[in-house]
Amino acid sequence: MLSDIRFKDFEDVLAAAGSLADAAEAHGSLCGALCSMAPYRMQDWVNEILPDGTSLPDESAAVIERVFTATETSFGEQGMEFEPLLPDDEQPLNGRANALALWCTGFLYGLGTGQISDLDGLAGDVGEIVRDFTEISRATGDEADADESNEQAYAELVEFIRVAAQVVFEELLPLRSQVYP
């Protein structure tokens with residue numbers, strides 16, 4: 001389960017491996033790819049987020065595998081168990097807001113690496129979610145005060161992202177079910 005994985009641990013593994021992707025962005029890209037591609041394997045994701053030829057220590061590889069497996073499993077569960085992997089609530093609000101924007105950027109990237117050729121042309125709920133994620137990806141948390149209203153707004157955005165990603169996963173099931181040569 002994703003709630004058992006610490007964002008900081010994942011962030012440390014990626015930094016040690018020389019990843020150019022931020023941890024939030026890397027998780028977002030995994031989620032987007034899982035929504036738009038089937039099968040999407042752990043090695044496909046590792047190839048996206050780590051430099052070519054990166055060799056990981058067993059402990060680091062285990063963290064990446066746990067993130068992948070927990071994310072993939074959470075999308076398939078009936079109880080809407082999915083949650084974005086983001087910094088802990090103890091972290092400064094501006095850093096969490098920036099991570100949320102990067103998560104959305106990664107999600108859009110992951111969607112675009114699949115079978116969807118034109119993200120801007122998507123209709124219905126998925127199209128609206130893509131547009132919302134695009135707007136969120138442009139947001140910055142600069143100088144955001146950690147007052148109660150900003151904390152509440154952040155919590156509401158995280159909940160929106162959580163539910164919206166699950167909706168995209170479910171709505172794109174027919175796309176993932178198609179067999180491509």
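Helices, meaning DSSP runs of H or I with at least four residues, and strands, meaning E runs of at least two, are numbered from the N terminus. Counted this way, the protein chain has 8 helices and 0 strands. In sequence order the elements of the protein chain read α-α-α-α-α-α-α-α. The model is a predicted one.

Overall dimensions come next. The radius of gyration of the protein chain is 16 Å, and a compact globule of 181 residues would come out near 16 Å, so the two agree. Further values for the protein chain as a whole are tabulated here.

| Property of the protein chain | Value |
|---|---|
| Span of the C-alpha trace along the principal axes | about 50 × 45 × 30 Å |
| Accessible surface | about 9,600 Å² |
| Distance between the mean positions of the positive and negative charges | 3 Å |

Carbon and sulfur atoms hold 49% of the accessible surface. The charges comprise 9 positive and 35 negative ones. Of the 181 residues in the protein chain, 43% are buried. Taking contacts between residues at least 6 apart in sequence, 77% join residues at least 24 apart.

Where does Leu20 lie? Leu20 is in the loop between α1 (7-16) and α2 (23-36). Is Leu20 buried or exposed? The relative accessibility of Leu20 is 85%, and exposed means over 50%, so Leu20 counts as exposed. Glu48 is 28 residues from Leu20 along the chain, and their C-alpha atoms are 9.7 Å apart.

Definitions and conventions:
Residues numbered from 1 in each chain as written. Predicted model: local features only at pLDDT ≥ 70, side-chain atom pairs only at ≥ 80, totals over all residues. Heavy atoms only, no water. Rg over C-alpha atoms; globule rule 2.2 N^0.38 Å. Buried < 20%, exposed > 50% of the residue type's maximum accessible area, 1.4 Å probe, protein only. Contact = heavy atoms within 4.5 Å. Areas by Shrake-Rupley, 256 points an atom, 1.4 Å probe, with all protein chains shown as cover. Lys, Arg positive; Asp, Glu negative; His and termini not counted. Charge placed at Lys NZ, Arg CZ, Asp CG, Glu CD.
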